[in-house]
Structures are given as C-alpha cells and as structure tokens.
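Subject: Structure for you to look at

Hello,

Here is the structure I said I would pass on. Please open it first, then read the notes below it.

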Amino acid sequence: AANPAAPRPLSGRHVLVTAGPTHEPIDPVRYIANRSSGRQGFAIAAALARRGARVTLVAGPVNLSTPAGVDRVDVQSALDMAAAVDAALPVDAAVMVAAVADWRVATLPQKLKKGDAPPALTLVENPDILAGLASSSQRPALLIGFAAETENVLEHAIAKRVRKRCDWLVANDVSTDVFGGDYNSVHLVTDAGVESWTRLPKDAVAARLVDRIAESLTGIPA
Ligand code: CTP
Ligand code: CA
C-alpha cells in the first residue's frame with residue numbers, strides 16, 4: 001500500500017514512459033523481436049507513480065504486471081508504439097526506455113509456407129519515436145532517452161544525446177548481463193556532463209532517476 005507520508009513531488013505532473021521490446025510482424029504468425037524484458041521501464045513507471053505523477057506507460061510485449069497507479073497501453077509494433085505515444089501527449093516529461101525495433105518487414109504476405117522458396121525479408125526503417133517527439137510542437141519540458149550499448153558506451157551516449165536532441169540520455173552497458181536481469185549499470189549524460197551509477201538494482205536506478213526528474217521539473221510550471 002502507498003505510504004501516505006511519502007513525498008509526492010510529481011503530483012500534478014503527467015509523465016510518459018515507453019518500455020519493453022517491439023514485435024515486428026513477418027507474416028500473420030511470425031515476428032522479429034529483441035531481448036528487452038521491460039523491467040527497467042516498468043520500475044521507472046512504478047517509481048514515478050509512487051512520487052505522485054500521473055503515468056502513461058506504453059508497453060511492448062512483456063511478461064510484467066502493471067505497477068500500482070500506472071495507466072498502461074499495450075502495443076506490439078514500433079508503428080503501434082508511435083501512435084500510442086502520440087495519443088498520450090501532452091506530457092511534462094517522457095522517459096523513452098523501450099527497445100524499439102529499428103526496422104520493420106516491408107510486406108505482410110499470407111503465412112509463409114515451408115514449401116515456398118526461402119523468403120528474403122526486406123526491411124524498412126521504423127519512425128524514430130524519440131527523435132520525433134524531440135522535434136514536435138508537443139515536446140515535453142524534459143525528454144529522456146535510453147541507449148543500450150555494447151562498446152564505447154560513453155562515446156556513443158554523448159553523441160546520441162546530441163543526435164536525438166533529448167535533454168538526458170541514460171546509457172546502459174549491455175555487454176554483460178543486463179537484459180532480463182535485476183541489476184543495471186548506467187551513465188546519466190546531461191548537458192552538465194556524465195554521472196555513472198554502477199551495478200545498482202533496476203529499482204534503485206529507477207528511484208534515482210525519478211528523484212532527478214522531480215528536481216528538474218521543480219520550477220517548470222505544471
Ligand atoms: N528510439 C525510439 N524509436 C526508434 C528507435 C529508438 O524512440 N525507432 C528511442 C529508444 O527508446 C531510446 C533511444 O531512442 O530511448 C535510443 O535508442 P537506440 O536504439 O540506442 O538509438 P538508435 O538511434 O536507434 O541508434 P542505434 O544505431 O545504436 O540502434
Ligand atoms: Ca536502435
């Protein structure tokens with residue numbers, strides 16, 4: 001149950017979180033996926049709600065229960081996710097944790113049959129939901145991207161923050177055991193520099209990030 005004495009610095013704020021993978025259909029029964037569990041995004045949504053925010057959680061296909069006090073919208077593909085994000089606006093802050101597929105399959109034929117010639121899948125680029133939000137007329141006051149990197153983590157993260165035009169970028173080193181695990185090592189990249197939070201439970205990463213979000217929104221009119 002919610003602790004009535006807990007501070008709720010985000011009350012009156014609407015925050016969007018995207019989480020999980022996307023599934024990109026190949027045919028009516030098959031899809032392309034990735035290893036995102038959705039746990040870090042769900043932990044952030046839960047922490048935001050505990051701090052009083054109204055939370056819209058746009059979730060790809062995951063095996064997780066909805067955190068208390070969170071409005072959840074389930075989606076499958078990147079195109080679905082982009083539409084659900086659009087429908088959630090306006091928001092005061094957005095935390096884009098989802099591992100959105102960069103490509104979808106160009107055509108959706110009938111179910112492919114084994115007797116057919118082996119199919120060549122043609123991929124087309126998906127819309128970049130974060131970059132779209134960054135350049136939209138409804139850009140949130142605080143826009144946070146995530147990046148899963150396997151090498152040159154900081155260098156890629158610093159460049160990605162600029163390229164995506166987000167305020168903060170949280171870089172995840174996924175060269176080790178992050179996907180599906182309980183721990184995370186992240187770097188918070190802002191215009192002020194880099195802070196490294198190493199090997200923390202995903203709930204602790206969420207709590208720290210949400211404290212920073214609450215601090216940052218103080219002084220921005222609701
Ligand atoms: N993102 C998004 N829409 C996409 C792809 C990514 O909103 N189509 C968001 C992710 O949710 C994340 C951020 O962009 O917050 C960075 O995702 P990432 O995959 O690291 O960035 P990319 O620009 O796709 O670069 P890369 O080539 O490293 O995959
Ligand atoms: Ca990508």
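**A buried alanine**

Ala45 has a relative accessibility of 0%, so Ala45 counts as buried, the cut-off being under 20%. Please keep in mind that this is a predicted model. Ala45 is part of helix H1. Leaving out residues up to four places away in sequence, Ala45 touches Val17, Val55, Leu57 and Val70. Gln76 comes 31 residues from Ala45 in sequence, and their C-alpha atoms are 19 Å apart in space.

**The nonpolar cores**

The largest nonpolar core has 36 residues, and those that touch the most other members are Val17, Ile44, Leu48, Val95, Leu209 and Ile213. What is Val95 in contact with, apart from its neighbours within four places in sequence? The partners are Val15, Leu16, Val17, Thr18, Ile44, Ile144, Phe146, Leu209 and Ile213. There is also a second, separate core of 25 residues, with Val85, Met96, Ile129 and Ala171 among them.

The volume of the largest pocket is about 1,100 Å³. Its lining is made up of 41 residues, and the ones nearest the centre are Ala98, Ala99, Val100, Asp102 and Ala148. Two or more lining residues come from each of these elements: helix H1 (39-50), strand S8 (123-125), helix H3 (129-134), strand S9 (142-149) and helix H4 (153-164). Sorted by class, 20 of the lining residues are nonpolar, 12 are polar and 9 are charged.

Asp102 sits in the loop between strand S6 (93-96) and strand S7 (103-105).

**Backbone points to check**

Most residues other than glycine have a negative phi, and most peptide bonds are trans.

- The peptide bond from Leu89 to Pro90 is cis, with omega near 0°. Pro90 is in the loop between helix H2 (78-88) and S6.
- Arg165 is not a glycine, yet its phi is positive, at about 55°. Arg165 belongs to the loop between H4 and strand S10 (168-173). Is Arg165 buried or exposed? Its relative accessible area is 54%, so Arg165 is exposed, the cut-off being over 50%.
- Arg199 also has a positive phi, near 45°, and is a residue other than glycine. Arg199 is in strand S12 (residues 193-201).

Regards

Notes
Residues are numbered from 1 along each chain as its sequence is written. Chains are lettered from A and ligands numbered from 1 in the order in which they are written. This is a predicted model: local features need pLDDT of at least 70, side-chain atom pairs count only at pLDDT 80 or more; totals for chains, interfaces and linings use all residues. Side-chain values use heavy atoms; hydrogens and water are left out. On a 1 Å grid over the protein atoms alone, a cavity is a set of points where a 1.4 Å probe fits but cannot get out, and a pocket is an open set with protein on both sides within 12 Å along at least five of seven lines; lining residues have an atom within 4 Å of a point. Grid points are joined across faces, edges and corners, and a volume is the space filled by probe spheres set on the points. Helices (H or I, at least four residues) and strands (E, at least two) are DSSP runs, numbered from the N terminus. Ala, Val, Leu, Ile, Met, Phe, Trp, Tyr, Cys and Pro count as nonpolar, Asp, Glu, Lys and Arg as charged, and the others, Gly among them, as polar. A nonpolar core is a set of buried Ala, Val, Leu, Ile, Met, Phe, Trp, Tyr and Cys residues joined through side-chain atoms within 4.5 Å. Buried means under 20% relative accessible area, exposed over 50%, partly exposed in between (1.4 Å probe, protein chains only). Contact means heavy atoms within 4.5 Å.
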